[in-house]
Amino acid sequence: MTTSQPTAAAPDFDVVIVGAGISGIGAAHYLRTEHPEKSFTILESRHTIGGTWDLFKYPGIRSDSDLYTFGFEFKPWTDDQSIADAPRILDYLHEAVADDDLHDAITFHRRVIAADWSDADQRWHLTVAHTDKTSRAKPETVTARWLFSGTGYYNYDEGYTPDFPGQDSFKGQIVHPQHWPEDLDYQDKRVVIVGSGATAVTLMPAMAPDTEHITMLQRTPSYIIPVPREDPIAKRAMRLLGDERGFRLNRARSILQQRAIYQFCQRFPSAARKVIRKINAMALPEGFDVDTHFNPPYDPWDQRLCAVPDGDLYKEIRNGDASVATGAIKTFDATGIELEDGRHLDADIIITATGLNLQLFGAMTLTINGEPIDIPSTVAYRGAMLSGVPNFIMAVGYTNSSWTLKIGLLCEWFCRVLSHMDKNGYVEVRPVAPRDMETRPLLDFDAGYVKRGMHILPRQGTKDPWKTTMSVAHDVKNLRKGAVDDGLLRYEKAHYEKAKEPVGAHA
Ligand SMILES: Cc1cc2nc3c(=O)[nH]c(=O)nc-3n(C[C@H](O)[C@H](O)[C@H](O)COP(=O)(O)OP(=O)(O)OC[C@H]3O[C@@H](n4cnc5c(N)ncnc54)[C@H](O)[C@@H]3O)c2cc1C
């Protein structure tokens, strides 16, 4: 080391995890167990953990994945519900925080608003704002060697609502599921839900018993399939094999099942369509117009399938409390919604289950040496890092199966990179994309929020390790077993000298 090198004190943390949702909590576990010597903190802009599972408060809020795959690989899901409601998921996450003793590692009411990587001292400089309304504290700076973005994929402040003509003339209440009023009274009211996705099919059966009538109004139908809320085979496995082994078996079975269903749908779309149609026709009342209301124009799994636990949605349609209307909205008016075909849906409450606004990295402004990173021109490396961006992990999970299956594998890979760096004395790593590499969109998913937000997403390559697939089997090779020194990652040692700590600087 030459004496002309600049000096720098140690960064505040080895890793800053942004977000205390399921991804951030999972990442903290991997760091605690694989790298107990590393210092880390979780900065969370809200008042509590759980992210998605705490934010949404609408009736019936639940997963549509089974929890054997949505739960952490390291923490058995032991509840009887395999499709679980939000309070159970939150309990599980609180337990995970306690198991790993993470309470002191999480700081709430801290939003990371900007992150600047500095080549001079090879670390991130984060600008962190206080979000507690009572706080007058100015934004502070936190430095970290690594930035782990566990911020989810959508804007927490505002859901997506298109501008409906005439909506101001509606005399009732308009509610977006992302901003559910806790005191919403829908007892004996006529409710129309606009939308046909996972949220709409959850809300409809949850609210139907209390409303006068509830209608799900959709422009185009989604594929809907019944799934058991409690899986009898999984429960038996847990009973016979115990929590650990039973969970492992259930998780493996679920992964295979999800993969088989997805591949069947992709390879044999017309057969898949027929099977789903048959299941729906059998569950719906005699004479129900399945082809209008349950027959989407796209192939199964071009968009996420909607799961309905124990067929609850069909039950409410059968007993007459709920119905489906398919058609385009002409206008909202004082008493409800008029459709293009002249029908009118009377409503006291309209719920706009119209989706999310895609948002990357929790709206953090990312820069390198003060220069903005143009995210759409970056390419994802192993679906975990971005080309040209040092020491940055993005926790973007699967969209066609449980999000978290990917996050676990990604954390394993991250921990192996850290070990490789420690062993070789590196402090910095960035993926370097080959010049003129062919690229394509990061997500090949047809969902509305993805189409609306495509322009803000990074790209992916067409060959490994630049591909971001939605396949667990691929990512077991790519992440769990994938190289950490494949020549595409540029590692660097510190090019500054560590500042000497003043004697007695730390207790
Ligand atoms: C209603 C609903 C149901 C879903 N059901 C499923 C399902 O069944 N299966 C499935 O696989 N996926 C499902 N998803 C997708 C789901 O969001 C993810 O699977 C998973 O919960 C994401 O976890 P996460 O921790 O990555 O992100 P989130 O749960 O979104 O948590 C992100 C956290 O980061 C914090 N944060 C964001 N930006 C900042 C910042 N700048 N500074 C500090 N903190 C920040 C947020 O406050 C939040 O706490 C669902 C999504 C929704 C909306």
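**Reading the ligand shell, domains and helix packing**

Two elements, α1 (22-34) and β5 (110-118), each supply at least two residues of the shell around the ligand; helices (H or I, at least four residues) and strands (E, at least two) are DSSP runs numbered from the N terminus.

User: Before we go on, what kind of model is this?

Analyst: A predicted one: local features need pLDDT of at least 70 and side-chain atom pairs count only at pLDDT 80 or more, while totals for chains, interfaces and linings use all residues. Residues are numbered from 1 along each chain as its sequence is written.

User: Back to the ligand, then. Which residues come nearest?

Analyst: A residue is near a molecule if its C-beta atom, placed from the backbone, lies within 6 Å of it. Here 32 residues are around the ligand, and G19, G21, G51, G152 and G362 come nearest. Helix α1 gives the largest share of the shell, 3 residues.

User: How do the shell residues divide by class?

Analyst: Ala, Val, Leu, Ile, Met, Phe, Trp, Tyr, Cys and Pro count as nonpolar, Asp, Glu, Lys and Arg as charged, and the others, Gly among them, as polar. The shell has 12 nonpolar, 16 polar and 4 charged residues.

User: Where do the domains run?

Analyst: Domain bounds come from an automatic or database domain assignment. Domain 1 takes in 11-156 + 357-498, and domain 2 covers 167-352. Taken over C-alpha atoms, their centres are 30 Å apart.

User: How many residues are in contact between them?

Analyst: Contact means that the C-beta atoms of two residues, placed from the backbone, lie within 7 Å. On that basis, 25 residues of domain 1 are in contact with 36 of domain 2. The domain 1 side of that contact holds 11 nonpolar, 8 polar and 6 charged residues.

User: What angle do α10 and α12 make?

Analyst: Axes are lines fitted to C-alpha atoms, for helices over the stretch in contact, with angles from 0 to 180 degrees between N-to-C directions. Helix α10 (residues 403-424) packs on α12 (residues 472-480) at about 15°, with the axes 9 Å apart. Angles under 35 degrees count as roughly parallel, so α10 and α12 are roughly parallel to each other.

Technical notes
Angles under 35 degrees count as roughly parallel, over 145 as roughly antiparallel, 65 to 115 as roughly perpendicular and the rest as oblique.
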